[in-house]
Amino acid sequence: MREKILYVLGALAVVILVWNINTIVPLPAERNQGVVFKIIFFHVPLAISAMLASGVALIASVMFLITKNFEYDALAVSVTEVGLALLAGNLVTGSIWGRQAWGIWWAWDARLTSALVCWLLYAGYLMLRNAIEEPTQRATFAAVFSIFAFIDVPIVIFSIKWWRTQHPQPVFWGGGSFPADWLPHFLWNMLAIALVAALMVDVRLRQEESQRELDSLRRMAHAI
Amino acid sequence: MSFARQVLVVALKDLRAELRTKEAINASFAFALVVLLLFSFAFDPEAETTREISGGLLWIVFAFAGTLVLNRSFARELPNDCLDALVAAPISGAALFLGKAFANFVLVMAMELVSLPVFCIFNNVGTPVSKQLGPILLVMMLGTWGLTVIGTIFSALTVNIRLREVMLPMLTYPILVPALMGAMLITKGLVLGHPLSGDLVTWLKMLMGFDLIYTAVSLVLVETVLVG
């Protein structure tokens, strides 16, 4: 059953993405920025999905510490890995846009810097996991680190925002403007990217589950 | 034993052990000197522009050298299974954590207080620093407390894992970004002769907030880290 849902969701994501690209391509270019502006249809959903992922990682980590159920640990690591990939996508698309709009690949602007710091934070989470062998300790320490990292995200974002800002005012929740008839395109792409993310999390989750099953079988074989 | 007394006992034990061996504090100060020396090749230490970056440089030295002290904090307890004994002792994890954090704070501050004059002499910023010594010391204490809290809890987190010495800075520096950034900006402003007001106070409040939040979170989570 779960596999079938997975296939259906995957097919749905592909259909929506293809359809989206077909509808986004004929849209007129933005007056000042030209065609590269359309990267926003991918750039922003990637960022939002990555933020959602860090939220889910926090909830899963807290739930693991409360229940000690390894399902939550598997969810935390899956969602963190996918979130890290999404954030990397966000940084790369932003960098491409920056090359066109600002003429440089990277600027030490508030949002870029905080995105990079968040990326490094969660990369640390995965490195910490890699360094610990024992499953219970790994899950516990990783959960503790995830909580620390999540608390840091708003502090990083606000402090770096005070430090400097060069990023265009955010289109959503921040004074930028976005044509109303473009909003549906944006929302559809948001849905598609969120679907892809959920799909990747699920695939990764199954890997974690199989891994745990393998480990327990191996232990049993040793015991015999 | 009251909570405060438990904290004091752990802190004094750590300080006594460190004063007898001096392994962490010596290594940390020697490292700070080496970094200060290397800076002199990276840019002209006599130029006027040095003043503008001195706040940042100073905190890079403190963060790097401080990590050496923090790395030892829990690793010191590994031989003879001292860590197990400490965890089994009839004190709460929070008391153990606070005691160790205070001891680390004293050690890192000691390293910083010795490095600061050397830094001033090497980079010719003695006069501006001595004029603003009070505010600079305040920033040093707040920044160092942030460094110590994060460093101590992560020292407990990494004590038993592979690549301990590498993992601690890898994990702590990204978390410390807001604190280090605030401390750097305030120190820079002070060295440039600005009074501690306006923007600098905002940064100081951010630094205090960082310290408070992470002290609270660490106290809540330390039991989980130590006992599981």
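What does chain B average in pLDDT, and what share of the residues score at least 70?

**Entry 1. Confidence**

I looked up chain B and found an average pLDDT of 89, with 100% of the residues scoring at least 70; pLDDT is the predictor's confidence in each residue, from 0 to 100. I note that this is a predicted model, in which local features need pLDDT of at least 70 and side-chain atom pairs count only at pLDDT 80 or more, while totals for chains, interfaces and linings use all residues. Residues are numbered from 1 along each chain as its sequence is written, and chains are lettered from A and ligands numbered from 1 in the order in which they are written. For the model I recorded ipTM 0.87 and pTM 0.87.

**Entry 2. Chain B as a whole**

I counted 9 helices and 0 strands in chain B; helices (H or I, at least four residues) and strands (E, at least two) are DSSP runs, numbered from the N terminus. The order of elements from the N terminus is α-α-α-α-α-α-α-α-α. The radius of gyration of chain B is 18 Å, close to the 17 Å of the globule rule for 228 residues, so chain B is as compact as a globular protein of that length. This radius is taken over C-alpha atoms, and the rule is 2.2 Å times the number of residues to the power 0.38.

Along the principal axes, I found that the C-alpha atoms of chain B fill a box of roughly 55 × 35 × 30 Å. Of the 228 residues in chain B, 48% are buried. A residue is buried if 20 or more other C-beta atoms lie within 10 Å of its own, exposed if 12 or fewer, and partly exposed in between, with C-beta atoms placed from the backbone. Among contacts in chain B with a separation of 6 or more, 87% join residues 24 or more positions apart; a contact requires C-beta atoms, placed from the backbone, within 7 Å.

**Entry 3. Chain A as a whole**

I then turned to chain A, which has 6 helices and 0 strands. The C-alpha trace of chain A spans about 70 × 45 × 25 Å along its principal axes. Buried residues come to 31% of the 224 in chain A. For contacts in chain A with a separation of 6 or more, I noted that 77% are between residues 24 or more positions apart.

I looked up helix α6 (residues 183-223) of chain A: its 41 residues reach 59 Å from first C-alpha to last, close to the 60 Å expected at 1.5 Å a residue. The expected span is 1.5 Å times one less than the number of residues.

Which residues of α6(A) are buried? They are Asn189(A), Ala192(A), Ile193(A), Val196(A) and Ala197(A). Their cover includes α1 (2-24), α2 and α3 (70-101) of chain A.

Pro45(A) lies in helix α2 (residues 40-67) of chain A. I recorded Pro45(A) as buried because it has 24 C-beta neighbours inside 10 Å. Leaving aside neighbours within four places in sequence, Pro45(A) is in contact with Asn189(A), Met190(A) and Ile193(A).

**Entry 4. Interface and core**

I found 22 residues of chain B in contact with 25 residues of chain A. On the side of chain B that touches chain A, α8 (164-191) and α9 (199-227) of chain B each supply at least two residues. The largest share, 9 residues, comes from α8(B). By class, this side has 17 nonpolar, 4 polar and 1 charged residues; Ala, Val, Leu, Ile, Met, Phe, Trp, Tyr, Cys and Pro count as nonpolar, Asp, Glu, Lys and Arg as charged, and the others, Gly among them, as polar.

The largest nonpolar core has 121 residues, and those with the most contacts inside it are Ala76(A), Ala142(A), Phe145(A), Ile153(B), Leu180(B) and Val225(B). Such a core is a set of buried Ala, Val, Leu, Ile, Met, Phe, Trp, Tyr and Cys residues joined through C-beta atoms within 7 Å. The helix that gives the most to this core is α8(B), with 15 residues. Not counting residues up to four places away in sequence, Leu180(B) touches Trp59(B) and Ala63(B).

Notes. Two residues are in contact if their C-beta atoms, placed from the backbone, lie within 7 Å.
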